[in-house]
Amino acid sequence: MNAADIPAVHELERRLFPVDAWPLQMFVDELAQRETRRYLVAELAGGIVGYAGLMCIEPIADVQTIAVVPEQEGNGIGSALLAELIRESRRRHAEDVLLEVRADNPRAQQLYRRFGFEQIHVRPRYYRDGVDALIMRLRLDTEPPSDQPREADRP
């Protein structure tokens with residue numbers, strides 16, 4: 001992701017997360033922190049169809065955001081974005097990757113579990129509409145180096 005992508009990413013953010021959308025300035029601020037952040041976009045036919053971001057302050061990496069347009073869900077875009085965030089976490093020598101996921105989003109929870117994330121906590125009423133957040137963690141020292149879903153979890 002670069003500065004030129006921010007308007008399109010922000011438009012998607014507002015579409016995909018109407019209650020909890022980040023303000024445009026937050027994307028600007030995040031991109032400015034290159035020492036501790038990494039943001040990606042997924043493009044298809046010249047348009048952005050997904051994006052993801054990571055904050056890493058050793059020894060912890062935190063998935064800040066990950067999103068794919070509904071029309072492209074199930075096509076591997078979310079998996080590719082997450083795999084790259086995990087690779088970036090390893091490059092930055094993180095020991096764990098953390099993330100929050102909505103308790104009412106089983107599709108995202110399933111994706112994270114396929115990559116080896118485990119739920120470690122619940123933040124009650126974390127989101128603006130009162131939905132709980134599940135805190136999930138991936139321990140990098142115990143995961144296979146390929147950053148792919150574990151074989152046992154594949155359909």
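Begin by selecting Ile57 and Ile60 in this predicted model: Ile60, in β3, is the bridge partner of Ile57. Extending the selection to the two strands around this pair, β2 (47-57) and β3 (60-68), shows that they run antiparallel and are joined by 8 bridges.

Next, bring in the rest of the sheet, which is open and made of 6 strands in the order β1-β2-β3-β4-β6-β5, with mixed pairing. At its edges stand β1 and β5 (118-123), each of which has a single partner strand, so that one side of each is left without a neighbour in the sheet. If the direction of the strands is ignored, neighbouring ones are turned against each other by 25 degrees on average. As background, the strands of a sheet pair through backbone hydrogen bonds, in either a parallel or an antiparallel manner.

Now select helix α1, residues 6-16, and colour its buried residues, which are Ile6, Val9, His10, Leu12 and Glu13. Viewed down the axis of α1, these buried residues fall within an arc of 160 degrees, so they line one face of the helix. Pro7, Glu11 and Arg14, on the other side of α1, are exposed. To see what covers the buried residues of α1, display the elements that include α2 (24-31), β1 (37-44), β2 and β3.

From there, move to helix α4, residues 106-114, which lies across β3, β4 (96-102), β5 and β6 (133-139) and runs at about 165 degrees to β4.

In soluble globular proteins, nonpolar side chains tend to be buried together.

The last stop is the aromatic rings, which form 5 pairs in this model. Select Trp22 and Tyr39, whose ring centres are 6.4 Å apart and whose planes stand at 65 degrees, so the pair is edge-to-face. This pair links distant parts of the chain, since Trp22 sits in the loop between α1 and α2 while Tyr39 is in strand β1, 17 residues apart. Trp22 counts as buried at 14% relative accessibility, and Tyr39 counts as buried at 4%.

Notes:
Residues are numbered from 1 along each chain as its sequence is written. This is a predicted model: local features need pLDDT of at least 70, side-chain atom pairs count only at pLDDT 80 or more; totals for chains, interfaces and linings use all residues. Side-chain values use heavy atoms; hydrogens and water are left out. Buried means under 20% relative accessible area, exposed over 50%, partly exposed in between (1.4 Å probe, protein chains only). Helices (H or I, at least four residues) and strands (E, at least two) are DSSP runs, numbered from the N terminus. The arc is that of the directions from the helix axis to the C-beta atoms. Contact means heavy atoms within 4.5 Å. Two strands pair if DSSP finds at least two bridges between them. Axes are lines fitted to C-alpha atoms, for helices over the stretch in contact, and angles run from 0 to 180 degrees between N-to-C directions. Rings of Phe, Tyr and Trp (its six-membered ring) pair if their centres lie within 6.5 Å; planes under 30 degrees apart count as stacked, over 60 as edge-to-face and the rest as tilted.
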